[in-house]
Amino acid sequence: MTLLIKNLPFILQGIGMTLALALATLLISTVIAFILGILATLRFRWLRWLVKAYVELFRDIPLIVNIFFVFFVAPLFGMELSPFAAVTVGLSLWGSANGTEIVRAGFASVPRHQWQSAAALGLKPWEVYLFITGPQALRSILPPFVGLLTLLVQATSLGALVGVSEFFKVGQIIVERTTMMEGWNPAFTVYGAVLLIYFVICSALTWFGRWLERRLKNDQRRPASAGPLLVKPLTQLP
Amino acid sequence: MEFDLAYLMAQGPALMRGLWLTVQVSAISIVLSIVIGLMGAAVRVLKLPVLDKLVIGYVEFIRNTPLLAQLFFIFYGLPTIGLKLSLFWSGVLSLTLWAGAYQIENIRGGLETVAKGLREAAFSLGLTPWRFFRLIAAPMAIRVGLPSMLNTSISLLKNSSYLQAIGLAELTYVAIDRISMDFRTIEMFVAICVIYLALVLVLSVFANRLENRLNKPFRV
């Protein structure tokens, strides 16, 4: 216990780094996921295949290999990435592959007639995406994205393997330091505490995800006149 | 820097040894995790008083903590309180515990689709609980639960690469080790990516076949 209190600033720094890494990755992944996910809903078969190939490739290769790949291969092409940047890129490739699948499935869950009737009303394709199918898809997209964030928080621990001083690495350093300086091995306590803190953070996110899911579902049960979620009703279009 | 196929060939045996270890660890862990899954799911479905809560806690804990931290806790943490496991078995234990939590949920999901009325009907026809389970519930549950069980197994195979962090010489470890010696980065990464993709592909083809076979009687 005293061990934890003594290292508190260090630990908080590590947690901050973990969250920063997770949020940065989530942001990049979300952008790529929406671009690729929407591309996959378009009517070009080869485009769909390309997106599918990307998704399958980065889902089927172990995440560790992914991160090491970015870390070791980028310098060969003259890009000296810092460990932080390498991990961000590696995780983003993985996160965006998973995110793409979520976005694609989200748009697929919107009934086709929504698109057809919107087009019949004379909306341009981008207007349909923005005002009709998008908001409906968002309902099924948001909860899994919170799940993705939980997974990303866990996955940032892999940063320790290439030397990013995030939360897990901090745990490792504390174990090594204490063993060296004080002569006893606190691995059980420290790694136990590390597990608990991850558990608290990720549980909170999981709860938030479930809450969001419940809320969005309740909204769906309301009569249609209550208006769509998150965007102004169609009647307010210019 | 060009692609050196001869080098890759020379490293073949080492990679194969790593692959063999990966396959061993994965196969043992997959089997054991399904055993955990079956037991945990039984506890959850039968709603056994205290065990039920314990299983829920276990599943939530595993799902909300990184596998790497679990692995370090088992490999570095447990020996300090007197529980010493070999490198190999620490790896197997952590992968098993990790995948077991997911298998519990997969199997439970399958079992819970078997409607309650069905059980009452079976009992009123005089079937014993065991016969009901064997003849009615299990076949129905497997159809629903199998795809996600196989998915978890595939994830386990990929996650066996975590074991390189504690120094088990599986596929990823061998590759990283060679890279730090010979700097033949591209060759090694191409090799292990192809191997992992092939493994995942083989497993998912197998999974699809199995699913198709199980769905056969239900196709119109």
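Predicted model: local features only at pLDDT ≥ 70, side-chain atom pairs only at ≥ 80, totals over all residues.
Trainee: What describes two packed helices?

Mentor: The angle between their axes and the distance between the axes. Helices here are DSSP runs (H or I, at least four residues), numbered from the N terminus. Axes are lines fitted to C-alpha atoms over the stretch in contact, and angles run from 0 to 180 degrees between N-to-C directions. In chain B, helix H2 (residues 12–46) packs against helix H5 (residues 87–112) at about 40 degrees, with the axes 5 Å apart. That angle makes H2(B) oblique to H5(B); under 35 degrees counts as roughly parallel, over 145 as roughly antiparallel, 65 to 115 as roughly perpendicular, and the rest as oblique.

Trainee: Which residues make up the contact of H2(B) with H5(B)?

Mentor: They divide into 18 nonpolar, eight polar and four charged. Ala, Val, Leu, Ile, Met, Phe, Trp, Tyr, Cys and Pro count as nonpolar, Asp, Glu, Lys and Arg as charged, and the others, Gly among them, as polar.

Trainee: How many salt bridges are found over all chains?

Mentor: Six. A salt bridge is a side-chain nitrogen of Lys or Arg within 4 Å of a carboxyl oxygen of Asp or Glu.

Trainee: With which residues does B:Arg108 form salt bridges?

Mentor: With B:Glu105, at 3.1 Å from N to O, and with B:Glu112, at 3.4 Å. B:Glu105 lies three residues from B:Arg108 in helix H5 of chain B. B:Glu112 is four residues from B:Arg108 in that helix, so about one helical turn separates them.

Trainee: Is B:Arg108 buried or exposed?

Mentor: Buried, with a relative accessible area of 16%; buried means under 20%, exposed over 50%, and partly exposed in between (1.4 Å probe, protein chains only). B:Glu112, at 45%, counts as partly exposed.

Trainee: Which residues do salt bridges with shared partners join into one network?

Mentor: A:Arg210, B:Glu60 and B:Arg63. The closest N and O atoms of B:Arg63 and B:Glu60 are 3.9 Å apart, and both residues lie in helix H3 (residues 49–63) of chain B.

How values were computed
Residues numbered from 1 in each chain as written. Chains lettered and ligands numbered in written order. Heavy atoms only, no water. Helix = DSSP H or I, 4+ residues; strand = E, 2+ residues; numbered from the N terminus.
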